Amino acid sequence: MKQYDLIVIGGGPAGLAAAIAAHKNGVSNLLILERDQELGGILNQCIHNGFGLHTFQEELTGPEYASRFIDEALALEIPYKLSTMVLDISTDASTGLHCVTAMNRTDGLLQLPCRSVILAMGCRERPRGALNIPGFRPAGIYTAGTAQRLVNMEGFLPGKEVVILGSGDIGLIMARRMTLEGAKVKAVAELMPYSGGLQRNIVQCLEDFDIPLLLSHTVIDIQGKDRVTGITLAQVGPDRKPIPGTEQNISCDTLLLSCGLIPENELSTKLGVSLSPVTGGPLVNESLETNVPGVFACGNVLHVHDLVDYVSEEAGRAGKFAAEYIRQTAGDGAGIASAKQNSTTQTDSAAAANGSIGIPLIPSGGVRYTVPQSIRLSHMEDTLLVRFRVGSVFTDAVLTVTAGDTCLLRQKKKKLAPGEMQQIILKKSAIPADAQSITICVAKEEG
Ligand SMILES: Cc1cc2nc3c(=O)[nH]c(=O)nc-3n(C[C@H](O)[C@H](O)[C@H](O)COP(=O)(O)OP(=O)(O)OC[C@H]3O[C@@H](n4cnc5c(N)ncnc54)[C@H](O)[C@@H]3O)c2cc1C
């Protein structure tokens, strides 16, 4: 059986950018495995524009954005297998080599040994079952992503009178899409007192079409036996529980759910990758490497991104770091085994002192999480891009990054919202060599 240097799982924007970067950094013995019948991932169903402003300084549709990367991967002759579902990843403890088990109709069951793996499986939507909405189970309830696929790829309009629960970007975009296709979107209800989507989507997808956004509201009942005939909305209090007396019935034939995305990490968990309880994605170090040596993660499987441009940028780094790992462990399986040994023993001194691998990045105040979650100074480049999200809306806030008594960064922020991912750049030269931890904090500006 052929042994690969790198296997990339998922042929969406993250997998494509990671494979391209790895190839450009000298890895030609690689393979992309994609369960769908085409490359491009979820972007194939996102036919609206707004993609690529950062990467290409152009407004592209999802398929146009994806095709830029597909064309590049094809030009580099990066091998890939479509309609191929990865079922399992395991690691041989004695050699450090990984084995990717996959299945397709042509090859049957495949067991592919490789030195390194990039996880790029994306995310899925939270379904009704995970939301505990009471009521009957009639037809007419879809996740917003399923409705997006039905409308944009399969040519079906799932309903004519629509209520959307959840104001994340997919919900907002589908409110506009359904309206443009002739449906009446009666309301977008949001449990939280703020939208989970980008401000530009609230304006362009709701306000421009006079679609009401009902903040601090949720669906408390679904009516209809065979097909949805209506739903009941209620206002919620600060405890997110419905307030009696605020109920309102809305007749509709369709309820779209846009209530959060969950990274696709079943394969990661089975492999022994440690996941963050906040992001649902792997915990990674500055090289986007998980706790399993040689296994890297990027894109929505790592943490849910607001813009695909950031997915591509992050995946490019994962590809480059995977190439670096492959270079460092060149030789036979024993090379990897010793790299594995090193990666758990060659911790930075301060980090070793507190028992973790690398200096931990600690979210504080309003910061919910950071990616990466730790930094090995010995492996850090001159600068490191750290992405994070806040847990609620902050106005006139101050962002501080500290390592013990040393202030690494202090910035005033006019507005920070959970729907918009934030980023900072840390300079290696500014981090004290004996740093025990680095704290990233957002707090209301005092005075
Ligand atoms: C329904 C939906 C709609 C979205 N709409 C927008 C939008 O309008 N605008 C926007 O900026 N962002 C949107 N996003 C976010 C978008 O997903 C990201 O910007 C970007 O596509 C993430 O890239 P990715 O490669 O990480 O994930 P994806 O694009 O999801 O790609 C992951 C790929 O991995 C494959 N895969 C997963 N598991 C396996 C396996 N076991 N074996 C083989 N292959 C596997 C999947 O088939 C998929 O092709 C949307 C996300 C979802 C879920």
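Visitor: Where does the backbone of Ala120 lie relative to the ligand?

Guide: A polar contact is a pair of N or O atoms within 3.5 Å; within protein, one must be able to donate a hydrogen and the other to accept it, and residues adjacent in sequence count only if both atoms are side-chain atoms. Here a backbone N or O atom of Ala120 lies 3.5 Å from an oxygen atom of the ligand. The ligand taken alone exposes 970 Å², of which the protein buries 94%; accessible areas come from the Shrake-Rupley method with a 1.4 Å probe, and for residues only the protein chains shown count as cover. For Ala14, a backbone N or O atom is 2.9 Å from a ligand oxygen atom, and for Val86 such an atom is 3.0 Å from a ligand nitrogen atom.

Guide: Please note that this is a predicted model, in which local features need pLDDT of at least 70 and side-chain atom pairs count only at pLDDT 80 or more, while totals for chains, interfaces and linings use all residues. Residues are numbered from 1 along each chain as its sequence is written, and side-chain values use heavy atoms, with hydrogens and water left out.

Visitor: How many residues surround the ligand, and which are the closest?

Guide: A residue is near a molecule if one of its heavy atoms lies within 4 Å of it. The ligand is surrounded by 31 residues, the closest being Ala14, Glu34, Ile42, His48 and Asn300. The shell divides into 17 nonpolar, eleven polar and three charged residues; Ala, Val, Leu, Ile, Met, Phe, Trp, Tyr, Cys and Pro count as nonpolar, Asp, Glu, Lys and Arg as charged, and the others, Gly among them, as polar.

Visitor: Which residues of helix H5 are buried?

Guide: Helices (H or I, at least four residues) and strands (E, at least two) are DSSP runs, numbered from the N terminus. Buried means under 20% relative accessible area, exposed over 50%, and partly exposed in between (1.4 Å probe, protein chains only). In H5, residues 199–206, the buried ones are Asn201, Ile202, Cys205 and Leu206. Viewed down the axis of H5, these buried residues fall within an arc of 105 degrees, so they line one face of the helix; the arc is that of the directions from the helix axis to the C-beta atoms. An α-helix has 3.6 residues a turn, so residues three or four places apart point the same way. The buried residues of H5 pack against H4, strand E10 (184–190) and strand E11 (213–215), where contact means heavy atoms within 4.5 Å.

Visitor: What is the phi of Asp210, and is this residue buried or exposed?

Guide: Asp210 has a phi near 55 degrees, a positive value in a residue other than glycine. Asp210 sits in the loop between H5 and E11 and counts as exposed, at 70% relative accessibility. Leu288, also not a glycine, has a positive phi of about 60 degrees, but Leu288 counts as buried, at 2% relative accessibility.

Visitor: Which residues does Asp396 touch?

Guide: Not counting residues up to four places away in sequence, Asp396 touches Lys413, Lys414, Lys444 and Glu445. The side chains of Asp396 and Lys414 are joined by a polar contact of 2.8 Å. Asp396 belongs to strand E22 (residues 394–403) and is partly exposed, with a relative accessible area of 35%.
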